[in-house]
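Have the picture open while you read.

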Amino acid sequence: MTIIDNAVYVDGVRHAEPENLEQTFETLAHHGGMAWIGLYRPTAEEMAAVATEFGLHALAVEDAISAHQRPKLERYGDNLFTVLRPARYLDATETVEFGELHIFTGKNFVVTVRHAETAGVARVRQRLESRPDLLRHGPEAVLYALLDRVVDDYGPVVAGLENDIDEIEDQLFSGDTTVSRRIYELAREVIQFQRAIHPLPDMMHQLKRGFEKYDVETDLRHSLRDVEDHVERVISRADSFRDLLQNALTLDGTLTANRQNEASAQQNEQVKKISSWAAIFFAPSFVAGVYGMNFDHMPELHWQLGYPMAIGLMAATAALMYVIFKKKGWL
C-alpha cells in the first residue's frame with residue numbers, strides 16, 4: 001500500500017498510527033476521532049481497499065485512480081470528493097509544473113490522494129498538528145487548510161509568470177527570433193493555470209452553501225472566505241496575463257512583418273542597383289557586338305572615323321543610362 005501517512009486524531013491530537021487500514025478502522029470504532037490517510041499514486045486494488053473501509057463512491061474512486069481530472073467538488077451522500085490542481089514555478093527551467101490532489105472527506109475521515117511530487121499535504125498536516133484547536137474541527141478543517149495551501153502556492157506561480165512576461169517585452173524589441181515560441185509556451189502555461197483556478201470560485205460557493213446544513217464552525221467559515229478572496233485576486237492577475245500575451249503576440253507579428261518589409265525593401269534596392277549596372281554594361285556590349293560581326297558589306301566598316309564613333313556611342317549610351325538610373329534613384 002502506497003500510504004504516505006496514516007494517523008488517527010482524537011480531540012485534535014495524533015492518537016495512533018495504525019499499520020494498515022483495518023487497524024485504522026478499528027481504532028476509529030474504539031476511540032472515535034478522525035482518520036487522515038495520505039496516499040501517493042495508489043493502484044486500483046489499493047483504492048478499492050480504501051473505498052471498502054470508508055464507503056467511498058465508485059465514481060469518485062474511479063476518478064482518483066485515473067487522475068487527469070479538472071478541479072471540482074462533488075458530494076456523494078455524507079462524503080465529499082474534491083479535486084485540486086496544485087502548481088509550482090520551477091526557476092531552473094522557467095516553467096510551471098502542475099500536480100493533482102484528490103481529497104475524500106467524510107464524517108470521521110480524510111483520504112488524500114496525490115499524483116505528483118509535492119510537499120504541500122505534509123506541510124498542511126504538520127501545521128494542523130501544531131494547532132489542535134483547528135484540527136479538532138474535523139475533516140472540514142483539513143479540507144479548508146488544503147485549499148488554503150494550494151491557493152497560497154499559486155502566489156509564486158503568478159510572480160514567476162509575471163516575470164516571464166516582463167522578459168518577453170524585452171525580447172520583442174531586441175529582435176530575438178525565439179520570442180514567438182516563448183510567447184506560445186507561456187500562453188499554454190497560462191491557459192493551464194486558468195483551468196486550475198477558474199473552477200475554484202464555484203467550488204467555494206458550494207462549500208459556503210453547506211455552512212448551515214453541516215453546522216460548520218465559525219472559524220472555518222472565516223478561513224474559507226479568506227481563501228475565496230485570495231482566489232479572486234489570483235484569477236484577476238492570471239486573466240490579465242492572457243491579455244498581455246495576446247498583445248505581445250500581435251506586436252511580435254507586427255514587428256516581424258516590419259522587419260520582413262525592411263529586408264524586402266533592401267533586397268529590392270540591391271536588385272535595382274544590379275539591374276542598372278547590368279543595363280549600363282549591356283549597352284556598350286551591344287554596340288561592340290554589332291560592329292564585331294565582321295560582315296563585308298556593313299556601314300561605317302571601312303570609314304576612318306568608324307572606330308572612334310563606336311567608342312563614343314558606347315560611352316554616350318552608358319553615360320545616358322547612368323544619368324537616367326541616377327535620377328530614378330536606382331543608383
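The crossing of H4 and H6 is right-handed, meaning that the near helix is turned clockwise from the far one by less than a right angle. This is a predicted model, where local features need pLDDT of at least 70, side-chain atom pairs count only at pLDDT 80 or more, and totals for chains, interfaces and linings use all residues. Residues are numbered from 1 along each chain as its sequence is written, and side-chain values use heavy atoms, leaving out hydrogens and water.

Helices here are DSSP runs (H or I) of at least four residues, strands (E) of at least two, numbered from the N terminus. Axes are lines fitted to C-alpha atoms, for helices over the stretch in contact, with angles from 0 to 180 degrees between N-to-C directions.

| Helix pair | Axes come within | Crossing angle |
|---|---|---|
| H4 (residues 120-129) and H6 | 10 Å | roughly 125° |
| H6 (residues 139-172) and H8 (residues 200-209) | 13 Å | roughly 160° |

So H6 and H8 are roughly antiparallel, a label for angles over 145 degrees.

Now for the strands: S6 (residues 87-90) runs antiparallel to S7, joined by four bridges. Leu90 has Thr95 in S7 as its bridge partner.

Technical notes:
Parallel < 35°, antiparallel > 145°, perpendicular 65-115°, else oblique. Pairing = 2+ DSSP bridges.
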